[in-house]
Number of protein chains: 2
Amino acid sequence: MRQMNVAVVGATGAVGTKIIEKLIERKFPIKSLKLLASKRSAGSTIQINGEDYVVEETSETAFEGIDIAFFSAGGSITEHFAKHAIEAGALVIDNTSAFRMTEGVPLVVPEVNPDAIREHNGLIANPNCSTIQMVAALKGVKDQFGINRLIVSTYQAVSGAGADAIEELKQQSENFENRVDNKADILPSGSAEKHYPIAFNVLPQIDLFGEGDYTLEELKMMNETRKIFDDYEMSVAATCVRLPVVTGHSESVYIELDRDDVTVDQLKEAIRSVPNVVLQDDPSQQLYPMPLFAEGTDEVFVGRVRKDRDKKNGFHLWIVADNLIKGAALNSVQIAETYLEQQ
Amino acid sequence: MRQMNVAVVGATGAVGTKIIEKLIERKFPIKSLKLLASKRSAGSTIQINGEDYVVEETSETAFEGIDIAFFSAGGSITEHFAKHAIEAGALVIDNTSAFRMTEGVPLVVPEVNPDAIREHNGLIANPNCSTIQMVAALKGVKDQFGINRLIVSTYQAVSGAGADAIEELKQQSENFENRVDNKADILPSGSAEKHYPIAFNVLPQIDLFGEGDYTLEELKMMNETRKIFDDYEMSVAATCVRLPVVTGHSESVYIELDRDDVTVDQLKEAIRSVPNVVLQDDPSQQLYPMPLFAEGTDEVFVGRVRKDRDKKNGFHLWIVADNLIKGAALNSVQIAETYLEQQ
C-alpha cells in the first residue's frame, strides 16, 4: 500500500491526540507525520513510538506534500486552513461541524455509508459524536426493515466539550456538600453567556440555541442523521443533555420501522450484523451498555432493546460509545482507511 | 378544622423525615404525632419545633386512635401493617408501590385527580416519584388538548434509592482518577445481584427487570400514568435511567396531542395553568430546569418546550422536580390536605 504523508491539525487536543494514537495502533501507512497546532502549542514535542515530534504552528503553507490532513481544531481553523490543504493536494478529513451539511461534502461513518467517500471534493466530514454512534447502531435495522421515525434523548459526557470541561467536572466533584455553590466557567458551552455546575447536575443544553428553540447539537443530530442515511423523509427529533460523566455518550432511542411484523430477536440480529457494533443485552445478567465501561473502547454498544407496548412497529434501544474514539478520532481514521481501500 | 392524630411509619427515613418537615411547614392540623420505624430505630428521638419525639417500633397495635397514617417504609411494611391501621380507623396514605395498581385504591396527585380520593377504601396510594412530576406537568395539556401518546426517558437522582445510595455516590465521587475501579454495593438496586458504580456513570436500570424486558420502574411509569389520568387508551412508553445526581429527577418527554393545531405558546399556557407547575423556558436567557437547582423546592419545573419538526401534533418537553419532596413527601401531605378539604 502507498505510504502517506499525514498531517494532524489540532494535534495537542483531546481528539487530535487520539487520532495520532489510532493511526499508530492501526498501523496506518504513514510515510511522514506532521503535527500542527496553535501558536501557543508550537515548539512542544510529542513522543510517538519512542520518537520525538515537534509540534508546528498551523499555517497556509504547512500542507505542501501532505496527502491526508486530519482537522480537529475547531470550525474556524477548518474554515481558514482547509482550502489551503486541499489546494496543496491533500485530502482533508474534518472533525468539526464547519462543512458537514455543505452540499458536495461527504459526511461519513464507514460502517454506514462508505461509498459517499468517492464523491468527495477534497474534504470529507466526520459527523457529530452523538450522530456517529446512533447511525452505526441503527445501520442494520435501517437496511433490513426501514426506519421512518426516530426520537432520541442523549446522555452526553463532558469530554465532548474538551479538556477544560473534564477539569471543571473533576474540581466540582470534590465539593459534594456545597455542590449548589460550585463555580462554573465552561459548561454548558464555552461560548454561552451563562455557565452552570455540571457535577451532580444535568444540563439540558449542549452548544448554543438555534431554530425552533432546538440547540445546535440537537439540530446537528437531526440533520446529519438524515444526510448520512441519505433519507430526507425520515423524521428525526433530538433532545441533547450533558451529564457528570467524563467520557462515553449514552442515548435512549425510540424508532419506528417501515414494517410492523419485526420481532425483538430479528431486531437484535440486525443490530449485531454491523461491524464494530456490539449487542450487550441480557436483563437476566443485568447486561447493558454503560459509559464508564465503554471509555477507551472502539465499539458501539447497544442494549435495553424492547418492543413498544402499543406501537407494533415501535422499538426502544440504549446506545453507548466512547465519544472521543468512535465518536471522533477512530471514525476519522477509519474514513482515511476506507478512502485508501477504495483507491 | 378538625385536629388530627397523625402517625408517620418510616419516620427516620429520607422521605419520612421530609413528610414530618412538610406537615409542620404547611401547618397541618396535628393534634398528636406518632413516629414509627423499625426496631433498630425505635427509642431514638427526633426534635420537632423544639420538642423531642421518641420513635416507637411499628406494631399492629400502634395505630389505635390514629386518624391519618403516612407509610413510607417499603412495600413489605405497608403490606403487613396497613390493614391494621385501616382497621383501627386510620386513613393510610402510602408512599410505596404495594397497592398503587390495586383496584379500589386511588392513586393521587392532588393537582391532577383530587376527586379520586373520595373513592378510597381506607388507603390512598402516592404514585412513583417520576410519575408524579410528569402527570403534574402534563395535566393542563391533557385537559385542554388531549394527549394520546407519550414517550419518556428519565434522568433520575440517587436519593430515590435511599440514604445509602447518596453515601455511595459521595464516596465514589472522591475517586475521579480510578473511577472505573469504584466499588459498588447499592445501585442500580439493593435487591439486584450485580452492582455498578454510579459516579461518572449512567445506569439504564432502576429497580429489577419485568415484563417485556422493561424494568419495574419503567412499568410503574407506564401503568401509573394511565391510572392517574384514567385513560387506558393513552400510549405510554418509558426508559428509566439513574445518574450521578443527588436529588432531582429530570425527564425528556415527547407527547402527541389529539389536536394538530396547537402552538408552542398555547402549550406553554396550558402547562402554566396548573398549580405548583412552573414554566422555566427562555433559551435567550439559557433558562431551563436543572435538578441541582430544583433540590429543596416544592414545584414541578418545565422547560425546553419545542414543537416536533415533522409531526404537527408532537411536542418535546423537559420536566424536573425534587423527587423526595413533590415526588414523595409533599405529594403525600397534599393528599392528606385535600382529603381534609373534601370532608
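Biologist: In chain B, how do the axes of helix H3 and helix H6 cross?

Modeller: In this predicted model, the axes of helix H3 (residues 129-145) of chain B and helix H6 (residues 264-272) of chain B come within 7 Å, crossing at roughly 120 degrees. H3(B) is therefore oblique to H6(B).

Biologist: What is the handedness of that crossing of H3(B) and H6(B)?

Modeller: The crossing of H3(B) and H6(B) is right-handed.

Biologist: And which residues of H3(B) and H6(B) meet?

Modeller: On the H3(B) side they are Ala137(B), Gly140(B), Val141(B), Gln144(B) and Phe145(B). Their partners in H6(B) are Leu267(B), Ala270(B) and Ile271(B). Sorted by class, this contact has 6 nonpolar and 2 polar residues, with no charged residues.

Biologist: Changing topic, which domains is chain A divided into?

Modeller: Domain 1 of chain A covers 4-127 + 328-342, and domain 2 covers 131-322. Their C-alpha centres lie 25 Å apart.

Biologist: How many residues are in contact between domain 1 and domain 2 of chain A?

Modeller: There, 12 residues of domain 1 are in contact with 18 residues of domain 2. The side of domain 1 that touches domain 2 divides into 7 nonpolar, 3 polar and 2 charged residues.

Technical notes. Residues are numbered from 1 along each chain as its sequence is written. Chains are lettered from A and ligands numbered from 1 in the order in which they are written. This is a predicted model: local features need pLDDT of at least 70, side-chain atom pairs count only at pLDDT 80 or more; totals for chains, interfaces and linings use all residues. Domain bounds come from an automatic or database domain assignment. Two residues are in contact if their C-beta atoms, placed from the backbone, lie within 7 Å. Ala, Val, Leu, Ile, Met, Phe, Trp, Tyr, Cys and Pro count as nonpolar, Asp, Glu, Lys and Arg as charged, and the others, Gly among them, as polar. Axes are lines fitted to C-alpha atoms, for helices over the stretch in contact, and angles run from 0 to 180 degrees between N-to-C directions. Helices (H or I, at least four residues) and strands (E, at least two) are DSSP runs, numbered from the N terminus. Angles under 35 degrees count as roughly parallel, over 145 as roughly antiparallel, 65 to 115 as roughly perpendicular and the rest as oblique. A crossing is left-handed if the near helix is turned anticlockwise from the far one by less than a right angle, and right-handed if clockwise.
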